[in-house]
Every structure is written in C-alpha cells, then in structure tokens.
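Open the model in your viewer and keep the selection tool ready. We will go stop by stop.

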Amino acid sequence: MENAVKLSVIIIAKNEAEMISDCINSCKTISDSEIIVIDDESEDSTVELAQKMGAKVFSHKKKDFAELRNFGASKASGEWLLYI
C-alpha cells in the first residue's frame with residue numbers, strides 16, 4: 001500500500017505494567033508505523049515492558065493531560081495520531 005497514511009499511536013501511561021503489553025499488542029493490529037508510550041514517571045515496570053515490545057518510550061512528568069498529549073505529538077512522525 002504505497003499511498004497508506006502513516007499512523008502514530010500514542011499511549012499515555014502511568015504504572016500500567018499489568019496492561020501495557022496487551023495495549024501495545026492491540027495497537028500493533030492497527031498501526032505498523034510507530035507506537036509511542038509517554039510515561040508519566042511510572043514506579044513499576046511499564047517502561048521496561050513497553051521498550052521490550054518495541055515501543056518508543058519517552059518519560060515526561062505530568063503537569064496536565066494536554067501537556068502530555070502535546071509532548072506525545074512532538075515525538076510522533078505520523079500524518080495521523082491516535083491517542084490511547
């Protein structure tokens with residue numbers, strides 16, 4: 001599909017070690033471009049699990065949700081963004 005739109009999936013997470021693997025696996029079914037995890041200073045293994053699954057992981061301390069969302073957008077390279 002040479003004219004396919006590049007979709008970046010952005011997951012905003014904090015202490016989601018129990019769910020992050022399932023979330024990333026689900027996202028892989030809709031995007032083969034990139035999956036980005038914006039981690040809000042998790043204290044569990046969220047970051048390590050996301051990295052192991054091939055996601056691009058960036059840490060950012062939450063000031064408000066809009067800031068996390070905009071930070072994620074600044075890291076994405078896709079034409080379309082899907083936030084989870």
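Select V9 and look across to β4: the bridge partner there is L82. Four bridges join β1 to β4, and the two run parallel. Remember as you go that this is a predicted model.

**Stop 1: strand β1**

Select β1, residues 7-13. Is this strand mostly covered or mostly open? It is mostly covered, with six of its seven residues buried. Now turn to the side facing β2. Six bridges join β1 to β2, and this pairing is also parallel. Pick I11 and find V37, its bridge partner in β2. Then pick S8. Opposite S8 stands E34 of β2.

**Stop 2: strand β2 and beyond**

Select β2, residues 34-39. Go back to V37. In β3, the bridge partner of V37 is V57. β2 and β3 run parallel and are joined by four bridges.

**Stop 3: the whole sheet**

Show the four strands together. In which order do they lie? The order is β3-β2-β1-β4, in an open sheet with parallel pairing. β3 and β4 stand at the edges. Each has a single partner strand, so one side of each has no neighbour in the sheet. On average, neighbouring strands are turned by 25 degrees against each other, direction ignored.

**Stop 4: the helices**

Select helix α1, residues 20-28. α1 packs on the sheet and touches β1 and β2. Its direction makes about 165 degrees with that of β1. Trace the path from β1 through α1 to β2: these three make a right-handed β-α-β unit.

Next, select helix α2, residues 46-52. Here β2, α2 and β3 make a right-handed β-α-β unit.

Then select helix α3, residues 65-75. Which strands does α3 lie across? They are β1, β2, β3 and β4, and α3 runs at about 145 degrees to β2.

**Stop 5**

F58 lies in strand β3 and F71 in helix α3, so the pair ties together parts that are 13 residues apart in sequence.

Now colour by accessibility. F58 is partly exposed, with a relative accessible area of 25%. F71 has 18% and is buried, because buried means under 20%.

**Stop 6: a loop residue**

Select K63, in the loop between β3 and α3. Is K63 buried or exposed? K63 counts as exposed, because its relative accessibility is 67% and the cut-off is over 50%. Draw a distance from K63 to I24. The C-alpha atoms are 24 Å apart, and the two residues are 39 apart in sequence.

**Last stop: confidence**

Colour the chain by pLDDT. The protein chain averages 93, and 96% of the residues score at least 70. Confidence is highest in helix α2, at 98, and lowest in helix α3, at a mean of 95. Where pLDDT is low, the predicted coordinates should not be read in detail.

Key: Residues numbered from 1 in each chain as written. Predicted model: local features only at pLDDT ≥ 70, side-chain atom pairs only at ≥ 80, totals over all residues. Heavy atoms only, no water. pLDDT = per-residue confidence, 0-100. Buried < 20%, exposed > 50% of the residue type's maximum accessible area, 1.4 Å probe, protein only. Pairing = 2+ DSSP bridges. Right-handed = clockwise from strand over helix to strand, strands pointing away. Axes fitted to C-alpha atoms, helices over the stretch in contact; angles between N-to-C directions. Contact = heavy atoms within 4.5 Å.
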